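Good morning, colleagues. Please turn to the sequence and the model on the screen, and I shall take you through some of the computed features.

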Amino acid sequence: MEKHNRHIDELITKYLDKSLTREECAELRRYLAEDKKHLAYFAEIRDLWLYNTALWQPIISTRSALEKLKKRIRKYTSLVKIRRTVYYASQIAAVIAITFIFHTVKESNAYSATTHTVLTSTHKSEVTLPDGTIV
């Protein structure tokens, strides 16, 4: 009788696990139709199965959610590092650009202080230099 119960327990477990073959399903149905006690036994095993899966389901979901969160944190951390690198590179580029522009403006002001005047020998002109000298 105990071997029979083990076999029935295996059939019920396979049924609840959704891995029961057609032949096994027919055997389980015959067993349940034999007696109302068999149906009550099946209901008891089913309730235990459902309670157990309901009990462990949140833990599994929590673990998978935690793994997803860890992946998102790793991705965010790598994005922060990339953004930080781009930020520093843009700051260096801005300093170089400002230095270049300042140098170019200073050089152009130096050239603008130079005055070229071309006159023929018959003309006379008076030019005031940047230092105030009159030539």
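L66, L69 and I73 make a nonpolar surface patch of about 270 Å². A patch here consists of residues with over 30% relative accessible area and no salt bridge, with like charges joined within 9 Å and nonpolar side chains (Val, Leu, Ile, Met, Phe, Trp, Tyr) within 5 Å; a salt bridge is a side-chain nitrogen of Lys or Arg within 4 Å of a carboxyl oxygen of Asp or Glu. Areas come from the Shrake-Rupley method with a 1.4 Å probe, and for residues only the protein chains shown count as cover.

This is a predicted model, in which local features need pLDDT of at least 70 and side-chain atom pairs pLDDT 80 or more, while totals for chains, interfaces and linings use all residues. Residues are numbered from 1 along each chain as its sequence is written, and side-chain values use heavy atoms, without hydrogens or water.

L66 lies in helix 3 and is partly exposed, at 42% relative accessible area; buried means under 20%, exposed over 50%, and partly exposed in between. H38 also belongs to helix 3, which covers residues 36–112. H38, however, is buried, at 17%. Beyond its neighbours within four places in sequence, H38 contacts Y31 and L32, a contact being heavy atoms within 4.5 Å.

As for the whole chain, there are 3 helices and 0 strands, taken as DSSP runs numbered from the N terminus (helices H or I, at least four residues; strands E, at least two). Of the 135 residues, 8% are buried. The accessible surface comes to about 12,300 Å², with 62% belonging to carbon and sulfur atoms.

Technical notes. Buried means under 20% relative accessible area, exposed over 50%, partly exposed in between (1.4 Å probe, protein chains only).
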